[in-house]
Amino acid sequence: MKSCVIVFPGSNCDRDVAVALEKFQIKNQMVWHAESDLPKSDLVVLPGGFSYGDYLRTGCIASKSKIINDVIRHARSGRLVLGICNGFQILIEAGLLPGVLLRNKKLRFISKNVFLKVVNTNSKFSSNYNKKSIIKLPIAHNEGNYFAENKIIEKLESENLIAFKYCDKKGEVNEVDNPNGSSNNIAGIFNKEKNILGMMPHPERLVDPLLSGMDGSLMFESLAKSH
Amino acid sequence: MKIFATVTLKKEVLDPQGKVINQTLKNMGYKNIVNVRQGKFFDIELDEKDRSKAKIIAEEICKKLLSNVVIEDYTIDLK
């Protein structure tokens, strides 16, 4: 399996995710945003960070980068795209996923570990989560409050396109354990074909026991075996 | 020609900053403040003399870049 991580000015999780990919034998290449063509890859990762200093709207300027045209072509051809945190915001601004990520309900930057319920394990990103359906991953964002019109939320629910929901340690999805005010506690969503995943939590930060957990590694294992 | 564009959150979208400003103004003694919405203002110089052409460009850039039409409204003023 081959991947590439797109690097924007202000990306800061690009190397973390590259380390995670390589740990699971995914051959990775870094790609600068000003390139016009992607190298041959099965997976494109848009990493976390603060691309362009979050100017105008988070992810907005990055979503107009030169390389994004080829990322859109890559996505439309059914190959995999993963957007983490700022990467999720970029996917939304690029129109590859529906809805919008508003400022956190309580207007604070949140950096902490949260419990997540893996809602859908039937995807190339999440198949290995059938071993563990309640996981703990870190979030670190100011704009993670997922919002979309009711029609879209209903469609995400009915078509089973929600990947992760914020929950308590027993897996119960409730208001108290919703850190940022997201509609229906949404932490990550797929597109209809489930080849695109956007998520606010950071799986790349928990791929080693030394980093206090392995819950992120199940995603990279899923990806590695999917090809 | 100049494009002046104003982008604000749609009425039905919560504007926490607007709310805080509203409350602060009230605390400062401006009791008759009813509502505040915060937005963004763009002052754009355009090399185009034809008003209708400028209008089309302004609409396009507001839709494509300056606003996110899912949550924001925009108004355009040409001068």
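**The sheet of chain B**

Val7(B) has Lys40(B) as its bridge partner in E2(B). The model is a predicted one.

- Strand E1 of chain B, residues 2-9, pairs with E2(B) over seven bridges in the antiparallel sense.
- The sheet of chain B is open and consists of three strands in the order E2-E1-E3, with antiparallel pairing.
- Strand E2 (39-45) and strand E3 (72-78) of chain B each have a single partner strand and stand at the edges, so one side of each is left without a neighbour in the sheet.
- On average, neighbouring strands of this sheet are turned by 15° against each other, direction ignored.

**The sheet of chain A**

- In chain A, nine strands form an open sheet with mixed pairing, in the order E2-E1-E3-E4-E11-E10-E9-E6-E7.
- At the edges of this sheet stand E2 and strand E7 (134-141) of chain A; each has a single partner strand, so one side of each is left without a neighbour in the sheet.
- From one strand to the next, the twist averages 25°.

**Strand E1 of chain A and its partners**

- Five of the six residues of strand E1(A), residues 2-7, are buried, and the strand is thus described as mostly covered.
- E1(A) runs parallel to strand E2 of chain A, residues 27-32, and six bridges join the two.
- Between E1(A) and E2(A) the chain passes through helix H1 of chain A, residues 14-23, in a right-handed β-α-β crossover.
- With strand E3 of chain A, residues 43-46, E1(A) pairs in the parallel sense over three bridges. Here Cys4(A) stands opposite Val44(A).

**Helices of chain A**

- Helix H2 of chain A, residues 66-76, lies across E1, E2, E3, strand E4 (80-84) and strand E11 (196-199) of chain A. H2(A) runs at about 125° to E4(A).
- Helix H3 of chain A, residues 86-93, also packs on the sheet, where it touches E3, E4 and E11 of chain A. The direction of H3(A) makes about 120° with that of E4(A).
- In helix H5 of chain A, residues 217-225, the residues Ser217(A), Leu218(A), Met219(A), Phe220(A) and Leu223(A) are buried. H1 and E3 of chain A are included in what covers the buried residues of H5(A).

**Nonpolar cores**

- The largest nonpolar core has 74 residues, of which Ile6(A), Leu91(A) and Leu116(A) touch the most other members.
- Strand E9 of chain A, residues 162-167, supplies the largest share of this core, namely five residues.
- Another core, of seven residues, lies apart from it; Ile3(B), Ala54(B), Cys62(B) and Tyr74(B) are among its members.
- Neighbours within four places in sequence left aside, Ile6(A) is in contact with Val31(A), His33(A), Val44(A), Leu46(A), Ile67(A) and Val71(A).

**Residues with positive phi**

- Most residues other than glycine have a negative phi.
- Leu56(A) is not a glycine, yet has a positive phi of about 70°. The residue lies in the loop between E3 and H2 of chain A. Leu56(A) counts as partly exposed because it has 18 C-beta neighbours inside 10 Å.
- Asn185(A), likewise a residue other than glycine, has a positive phi near 60°. Asn185(A) is placed in the loop between E9 and strand E10 (186-190) of chain A. Asn185(A) counts as buried because it has 22 C-beta neighbours inside 10 Å.

**Contact between the chains**

- Eight residues of chain A are in contact with five residues of chain B.
- On the side of chain B that touches chain A, four residues are nonpolar, one is polar and none is charged.

How values were computed. Residues numbered from 1 in each chain as written. Chains lettered and ligands numbered in written order. Predicted model: local features only at pLDDT ≥ 70, side-chain atom pairs only at ≥ 80, totals over all residues. Buried ≥ 20, exposed ≤ 12 C-beta atoms within 10 Å, placed from the backbone. Helix = DSSP H or I, 4+ residues; strand = E, 2+ residues; numbered from the N terminus. Pairing = 2+ DSSP bridges. Right-handed = clockwise from strand over helix to strand, strands pointing away. Contact = placed C-beta atoms within 7 Å. Nonpolar A, V, L, I, M, F, W, Y, C, P; charged D, E, K, R; others polar. Core = buried A, V, L, I, M, F, W, Y, C linked by C-beta atoms within 7 Å. Axes fitted to C-alpha atoms, helices over the stretch in contact; angles between N-to-C directions.
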